[in-house]
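Subject: Structure handover

Dear colleague,

Here is the structure I promised to pass on to you. Please open it alongside this message, and my notes on what was found follow below it.

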Number of protein chains: 2
Amino acid sequence: MWPALQNDCFLRACLRQSTPHTPIWLMRQAGRYLPEYNATRTKAGGSFMALATSPEHATEVTLQPLERYPLDAAILFSDILTVPDAMGLGLSFGQGEGPRFAHPVRDEAAVQALQVPDLDKLRYVFDAVTSIRRALQGRVPLIGFSGSPWTLASYMVEGAGTDDYRRIKTMLYSRPDLLHRILDVNAQAVSSYLNAQIDAGAQAVMIFDSWGGVLADGAFQRFSLDYTRRVVAGLQREKDGQRVPVIVFTKGGGPWLEEIAACGADVVGVDWTVNLGAARQRVGAQVALQGNLDPTILFAPPEAIAREGVAVLDSFGRPQRADGGWDGHIFNLGHGISQFTPPEHVSVLVEAVHAHSRRLRAPA
Amino acid sequence: MWPALQNDCFLRACLRQSTPHTPIWLMRQAGRYLPEYNATRTKAGGSFMALATSPEHATEVTLQPLERYPLDAAILFSDILTVPDAMGLGLSFGQGEGPRFAHPVRDEAAVQALQVPDLDKLRYVFDAVTSIRRALQGRVPLIGFSGSPWTLASYMVEGAGTDDYRRIKTMLYSRPDLLHRILDVNAQAVSSYLNAQIDAGAQAVMIFDSWGGVLADGAFQRFSLDYTRRVVAGLQREKDGQRVPVIVFTKGGGPWLEEIAACGADVVGVDWTVNLGAARQRVGAQVALQGNLDPTILFAPPEAIAREGVAVLDSFGRPQRADGGWDGHIFNLGHGISQFTPPEHVSVLVEAVHAHSRRLRAPA
């Protein structure tokens, strides 16, 4: 049905199998730092959602970074908040602003009215997945994704980005029953949504728990990780005879690395505050690690970018273990790439990661 | 010279000595959530700096929370950015905005022109310290403070709060020599500034590394912690025959707890992402711990506030060790109290912490 995969480095690293180099892709790799992305967006009418809801445009922009850089994976062009939009909350993106919901979920009636959305409302996403997978022609694997139940709930209750998470944390500590109901609906919806992406052609899926790190110890486990675990438990893990790796990324999740690594995912994403070598010691026998360059390093001169990329690889170390097995590392940023990144700086990073990681694998 | 101290719980806990209850104070305890604070601020002309630069007003607002609540320490009313203001950067606070510098430090010439400020420009701070210490009449100890060299540098380079720290991180990775020069000046200035606060009457000092947690592992150690360590090394640690405890608080510093605990401070502040019991296991034999309730819990109903306060105390556990010694815990929030906090909720927390921590100390 699908063309054979030519570069399986990413999938193999996710599953802690040997690879000739460390695979690299970048969160938000199809985005505003690329002039060709901005050109497509203008052509589509200028709005993010106009791009994301058109399988044709989504395919075009998803493939743009692969034309420029020898990246080892593609990621669906979409947003983490498509699911609550399909629940009827009315997602929009103002010019230069973050996402906003026209109908935030703030009272008991709104919480009780929430339902797992009809997946048909997300048909544009699945169509985009299929279209991208076809267009890739097996060059690299395609990653699908969603926000985590907690991260979706944060936006659904706050209605937009926030500095202090006052509304949702007030709900958490005052009416935990309401928040648990939202999270329960979200967990069911996210599982179904990711399974449909896998059916449509996604070869791996990633759960972005972008706001898990703002929770207190204890609250994180009950209101974020427990529901991420439910999502993971609900996923199909094999498709067309291939394992479908699951990546969980909690920004600011360093304090809870062991607990996150036990949630059932194949890969745990870590941000740049985490020492990758220490993280490998802690959980590298259970999961592959993805990360973790500070994206602002891409503003530095080329030699600094190469040096810092090498430092991340060296921190993880040779992926071959003494027992002959392999630990898994997928190179990435610790957050989405900034719109202010000079595109030629990304070339420097990808080249440095590929070259140095090949050297790292050479016999000592 | 000074009246005898009546409640030394806070100082004793900082030094890991026995106390009848767990001392509590709250970051930003004198602030906008108190109607009496807003009244004084209006009387002073409405601006934060008008309050902070008047020893009389600063004394009045510092004592206000102590009139309402049986807190175990007072903290100087001031801002973390007074030192760069004295360097000539022109600090201001817009209505409803964070701090802003009129003359940010962005090029080599500006960096080279930086100098340790004449401490006489900060006389208003030392006068406030002396005035507050007198007004306290020995009720509780007075804490002085400053921003850390890295946190000051972030504001000095960015010119204001920032989402992505793009300017300072670009400098860090492109021209580390310039940033090291800023940090060197800042470290010298902060040491002198805190020593002068101690001379003026501060009985403990706290270094706020509010933005240390945005740095990558490796960069944090070189650009934040190394300079905090220099500040600590430059401090006088005894005054009038009393040990002057030093508290270091790095928001988001959980990943580096052991390294921070080795910087020479007596107390390490931790935010709410940290499990206090685990932190005690890791560093409780070297330093006391301060923290770590999520300040948004103060929006919850009274019973939830009491429950979560008790949970923080229980996470630390009985301060008495099996060997007969004591570990130190100072109860605090993991960040400044929000301006939207209902004042009566603070009473609930203080009462719960005092009552439960007395019970915790009872013989088993």
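If you set aside the neighbours of B:Ile143 within four places in sequence, this residue is in contact with B:Ala73, B:Ala74, B:Ile75 and B:Leu76, and also with B:Ala202, B:Ala204, B:Val205 and B:Met206. Please keep in mind, as you look at these contacts, that the model is predicted.

Strand β4 of chain B, which covers residues 142–147, is mostly covered, with 6 of its 6 residues buried. In a regular strand, the side chains alternate between the two faces of the sheet. Here B:Leu142, B:Gly144 and B:Ser146 point one way from β4(B), while B:Ile143, B:Phe145 and B:Gly147 point the other way, and all are buried.

Which strands pair with β4(B)? Strand β1 of chain B (residues 74–75) pairs with β4(B) in the parallel sense over 2 bridges, and within this pairing B:Ile75 stands opposite B:Ile143. Strand β5 of chain B (residues 204–209) also pairs with β4(B) in the parallel sense, over 5 bridges, and there B:Ser146 has B:Ile207 as its bridge partner.

In chain A, helix α5 (residues 82–89) is another mostly covered element, since 7 of its 8 residues are buried. Those buried residues are A:Thr82, A:Val83, A:Pro84, A:Asp85, A:Ala86, A:Met87 and A:Leu89, and what covers them includes the strands β2, β3 and β4 together with the helices α7, α8 and α10, which belong to chain A as well. Just after α5(A) comes A:Gly90, which takes a positive phi of about 75 degrees.

Is B:Gly94 buried or exposed? B:Gly94 lies in the loop between β2 (91–93) and β3 (99–101) of chain B, and it is exposed because it has 10 other C-beta atoms within 10 Å, where the cut-off for an exposed residue is 12 or fewer. Although B:Gly94 and B:Phe48 are 46 residues apart in sequence, they are 9.3 Å apart in space, C-alpha to C-alpha.

Finally, here is how the two chains are arranged. A rotation of 180 degrees, with 0.0 Å of shift along its axis, superposes chain B on chain A with an RMSD of 0.0 Å, and that is the relation of a two-fold axis. In chain B, the C-alpha nearest the axis is that of B:Pro255, which is 3.2 Å from it.

At the interface, 29 residues of chain B are in contact with 29 residues of chain A. On the side of chain B that touches chain A, the elements that give two or more residues are α9 (166–174) and α14 (302–316) of chain B, and α9(B) gives the most, with 5 residues. By class, that side has 13 nonpolar, 10 polar and 6 charged residues. Because 100% of the interface residues of chain B are also interface residues in chain A, the copies meet through the same surface.

With best wishes

Note on methods
Residues are numbered from 1 along each chain as its sequence is written. Chains are lettered from A and ligands numbered from 1 in the order in which they are written. This is a predicted model: local features need pLDDT of at least 70, side-chain atom pairs count only at pLDDT 80 or more; totals for chains, interfaces and linings use all residues. A residue is buried if 20 or more other C-beta atoms lie within 10 Å of its own, exposed if 12 or fewer, and partly exposed in between; C-beta atoms are placed from the backbone. Helices (H or I, at least four residues) and strands (E, at least two) are DSSP runs, numbered from the N terminus. Two residues are in contact if their C-beta atoms, placed from the backbone, lie within 7 Å. Ala, Val, Leu, Ile, Met, Phe, Trp, Tyr, Cys and Pro count as nonpolar, Asp, Glu, Lys and Arg as charged, and the others, Gly among them, as polar. Copies are superposed by least squares on the C-alpha atoms of residues with pLDDT of at least 70 in both. Two strands pair if DSSP finds at least two bridges between them.
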